[in-house]
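Hello,

Here is the structure I promised to pass on.

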Amino acid sequence: MTKGNINVSVENIFPLIKKFLYSDHEIFLRELISNATDATLKLKHLTNVGDAKVEYGNPQIEIKIDKDGKKLHIIDQGLGMTAEEVEKYINQVAFSGAEEFLDKYKDSAKDSGIIGHFGLGFYSAFMVAEKVEIITKSHQDAPAAHWTCDGSPEFTLEASDKTDRGTEIILHIAEDSTEFLEEGRITSLLEKYNKFMPIPIKFGTKEVNDPDFTPKTTKDEDGKETTEPHKQITVDNIINNPNPAWTKQPADLEDQNYKDFYRELYPMQFEEPLFNIHLNVDYPFNLTGILYFPKMSNDMQIQKDKIQLYQNQVFVTDNVEGIVPEFLTMLRGVIDSPDIPLNVSRSYLQADGAVKKISSYITRKVADKLKSLFNNSREDFEAKWNDIKIVIEYGMLSEEKFFEKADAFALYPTVDGTYYTYEELFNKIKAKQTDKDDKLVILYASDKDAQHSYIESAKAKGYEVLLLDSPIISHLIQKLESTKENITFARVDGDHIDNLIKKDETTISKLDEDQKKALDELLKEVIPAEKFMVQLEAMDSDASPFIITQPEFMRRMKEMQATGGGGGMFGMGNMPEMYNLIVN
Ligand code: ADP
Ligand code: MG
């Protein structure tokens, strides 16, 4: 028997990093800009606490493409590194200088926004580069250093004549990654990942109107006015907004600021959001963000503008599944939290305690906001109901906690456009609409036009008829019937309401016994009994000479069968269709 150690050498790690570290090669740029941002934020912190004796100034990060030289440059004016620090931070794979920094400065740096974590980000550069150079000058009084590595474990470290503080990373882009030398490709990456990062990022220059120049207007002898062209100046093209709305205090923002930010997030979206919810917690987890209720039509449209997840202002993903409860994934906006463990699988995420807390916090905030909108401006809330009901009803179905809160503001509109809360509806109909077992009967229509005569006949008797037409309403009805005591829903064209609702006086049909018998026989002749079972009943309304209804249980069983809900259990296949013919 031989025993030994498997030899893991760094030589084997590079190809692995290159292939598997990140499935998306494009994130190298996000990682390097994150490091440049960290270097700048660290310097800011050091100057704040007096540990760096330099002027912080207005540092920015610059991205430059050198197409001919096949190079991409990422340049920052952050704290820089001495040669010793390069040895320490860069040559040790998986040693994070960011974590070390946070450890050292603890509480004072807690809110500094430092991004780095695992000490692996830098090496993602080798996913797209065949050679990487670092030229860096520390804020401390030390010579600048120049590190070069071609992806093998060998590196060179020599002195450099760089004089200004900060770090320049030079990527010699590999043959298979030349897409990253295209201006368009880099622009779209910056747009995607870095749009709201905290340090200004410059990518090229752009022409803008000179703000100090007012074009002169002159009149010729015919009185025709001509205005001279605006003077253009060249300025840095800053691709990001370092202070996005969600990083500010709600008290410092006006309604218009929220709308503007919505447009910033979704430049292609022209609908205004209905309202927003500003999230802001720092205990027991850190989370900021702004959620928007978009205008939503009845047919749950698949949306491509989704909630975006950030960590310290760096875009991570727009797949928030597992972090935000499912019914809220229909919303839009931003969530920013350094506390979401994103390096784990989604199924693990759902079980993670911190993530569960985040999810229930968001649910609660959304419910509270809806409640306050309802309380403060009922009219406005009603006007928006059609656009927001899908989210609310879906939430009531899927989250018990949300159901409990939403019960106070979920609305049930009538066919005539009155909106009741459940409690209001209950009080309104309890005296009149109960069945023989004293169960409350809630009448509803799903289609105002198709069920018109049924609606009219119910209204003529003084009943309230709701208009419930959401795609998920049948599920919500079941939920309400099982949650609320002693109620039942009945569609207006279901069982005849005179048989449903307990009445004081007995109903009398205008037909006498002989007429009824004759009609009954006639029906049996024309309608095959094995297929349709028709029952003759009396009605005491003048609304129409007769109506045909289908018993509620029958309709629901058919619905269940149609949706594969096991109605087959009842042997519906052999059962004749059942209708009631109700004659005046
Ligand atoms: P992390 O950012 O998770 O700490 P990285 O692999 O991205 O790990 O970077 C390793 C370390 O290298 C950083 O923590 C930092 O100390 C140093 N470093 C990387 N880029 C820069 C830079 N632009 N300026 C100064 N230090 C840097
Ligand atoms: Mg990093």
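Below are some notes on the ligand shell, a helix pair and a sheet.

This is a predicted model, in which local features need pLDDT of at least 70 and side-chain atom pairs count only at pLDDT 80 or more, while totals for chains, interfaces and linings use all residues. Residues are numbered from 1 along each chain as its sequence is written, and chains are lettered from A and ligands numbered from 1 in the order in which they are written.

Let's start with ligand 1. Of the 21 residues around it, A39, S96, G97, G116 and G121 come nearest (near means a C-beta atom, placed from the backbone, within 6 Å). The elements giving two or more residues to this shell are α2 (27-49), α3 (83-90) and α4 (97-109); helices here are DSSP runs of H or I with at least four residues, and strands are E runs of at least two, numbered from the N terminus. The largest share, 5 residues, is from α2.

Next, the helix pair. The axes of α9 (residues 378-398) and α13 (residues 473-483) come within 10 Å and cross at roughly 45° (axes are lines fitted to C-alpha atoms over the stretch in contact, with angles from 0 to 180 degrees between N-to-C directions). E393, M396 and L397 of α9 meet H475, L476 and K479 of α13, contact being C-beta atoms, placed from the backbone, within 7 Å.

Finally, an open sheet of 5 strands runs β11-β12-β15-β13-β14 with mixed pairing, where pairing takes at least two DSSP bridges between strands. Its edge strands are β11 (275-281) and β14 (314-317).

Best wishes

Conventions:
Two residues are in contact if their C-beta atoms, placed from the backbone, lie within 7 Å.
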